[in-house]
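Me: I'm new to this one. Can you walk me through a few spots?
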Amino acid sequence: LRVVLAPDRSAPVVGIAVLYDVGIRSEPEGRTGFAHLFEHLMFQGSANLEKLEHFRYVQSSGGTFNGSTHFDYTNYFEAMPANALERAIFLEADRMLAPRITEENLANQIAVVKEEIRVNVLNRPYGGFPWIELPAVLFDTFANSHNGYGGFVDLDSATVEDAAGFFDKYYAPANAVLCLAGDFDPDQAAALVEKHFGPVPRRERPIRPDFSEPALTEARHGVTHDAHAPMPAVALGYRIADPIGDLDRQLARVLLAEVLADGDASRFQRRLVQRDRSVTDIGAYLGEFGDPFDERDPTTFTISAHYADRAALPGILAAIDEEIAAVAASGTRPGELDRVITRLAAQMYRQLDPVLGRTLALAKFELIYGRAELLLELSARLAAVTDDQIRAAAAELAPQHRAVV
């Protein structure tokens, strides 16, 4: 078990997060949505706690808790008063030791997940757009292209044996990162981690498959119908290879997304929203969920927009391509790069100020990049990105390398 300790005695609160190196990409064929379903099962009781006791222990201490499933990992976390540190450590260690995987728990959580899909996807405008629809067109392999929320047939066919095998394979201590941040003494915290996580049996870390896919050589197109959508929307996706191995190149893409679409002064906002009025809104981001540091190879550069006039789509795509080509040819304007670097750094510091945001980010960088401290170096590395790197990032986004949905 890798352990990250980040003491900060400025406020009497602590954050605890456990990230397991398993996510949507790890699901086997025929079991779409299983990683998310298993996240739900981890809250249904554990080795020494009945169902709902985890909730009661956290809330009675004045804390908050949750979990979430991502493409490359699943996380579980609490924010607690500092005097409840040991309680939080015990709670996470107890479910790493043995969650209560029973027929009853599995059946009721399948029902919960199916209702979540109805509320968040099937009965909500743009519910799966674009994070479900776009990968299905952009990528070829099941791991990268399937619906991470899951289909009802696959969810209903999940068994207790499936869940037990998933836990045994992926929820080993060697496949996890534990992060503590906030008001604690490091030596005392380390002793508490040893006390509660030490009894968890050692298991081999699973070998992560290679999920990479080659670059597209011709454009792809897809259409999805949404009866609830009040107006058309479009999403453009570009395959991004090796965001971890070449971080400086990835940071240039992050800044490019800011130059193109973040804020009223961005290229897309000024051209398509303010001048042409061809779209009502437009955004650009890396990662299916908008976090550029959330995924390994491959990840996605996404541009999405909503527009009122169905006939306007060819002009919208042409305008997007023109703005990207202008950056690739001429780079950024005077002061433009400084503006977006400052804006992005400010956003990052705001996200790290709450103890839970800091805990989750440190754990993620340890799991994905192998260095939690890289998080604290990002601001300086962003400031070192050059105009030439931004131009190179824009040149990657050629029309023949994308999928349009």
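Me: Start with helix H10. How many residues has it, and what is its reach from first C-alpha to last?
Reply: This is a predicted model, so keep that in mind. Helix H10 covers residues 247–261, which is 15 residues. The reach from its first C-alpha to its last is 21 Å, close to the 21 Å expected at 1.5 Å a residue.

Me: Is H10 mostly covered or mostly open?
Reply: Mostly covered. In H10, 13 of the 15 residues are buried.

Me: What about the phi of Gly263, which follows H10?
Reply: The phi of Gly263 is positive, near 90°.

Me: And where is Asp262?
Reply: Asp262 sits in the loop between H10 and helix H11, residues 267–275.

Me: Which side chains does the Asp262 side chain make polar contacts with?
Reply: One is Arg343, at 2.5 Å. Another is Gln347, at 3.5 Å.

Me: Leave aside its neighbours within four places in sequence. Which residues is Asp262 in contact with then?
Reply: Ala257, Arg339, Arg343 and Gln347. So Arg343 and Gln347 turn up again, as contacts of Asp262 within 4.5 Å.

Me: New topic. Which residues form a nonpolar patch on the surface?
Reply: Leu1, Val3 and Leu5. Together they have about 200 Å² of accessible area.

Me: Which strand holds Leu5?
Reply: Strand E1, residues 2–7.

Me: Why is Leu5 called partly exposed?
Reply: Because its relative accessible area is 30%. Buried means under 20% and exposed means over 50%, so Leu5 falls in between.

Note on methods
Residues numbered from 1 in each chain as written. Predicted model: local features only at pLDDT ≥ 70, side-chain atom pairs only at ≥ 80, totals over all residues. Heavy atoms only, no water. Helix = DSSP H or I, 4+ residues; strand = E, 2+ residues; numbered from the N terminus. Expected span 1.5 Å × (residues − 1). Buried < 20%, exposed > 50% of the residue type's maximum accessible area, 1.4 Å probe, protein only. Polar contact = N/O pair within 3.5 Å; in protein donor to acceptor, adjacent residues only side chain to side chain. Patch = residues over 30% accessible without salt bridge, like charges linked within 9 Å, V, L, I, M, F, W, Y side chains within 5 Å. Areas by Shrake-Rupley, 256 points an atom, 1.4 Å probe, with all protein chains shown as cover. Salt bridge = Lys/Arg side-chain N within 4 Å of Asp/Glu carboxyl O.
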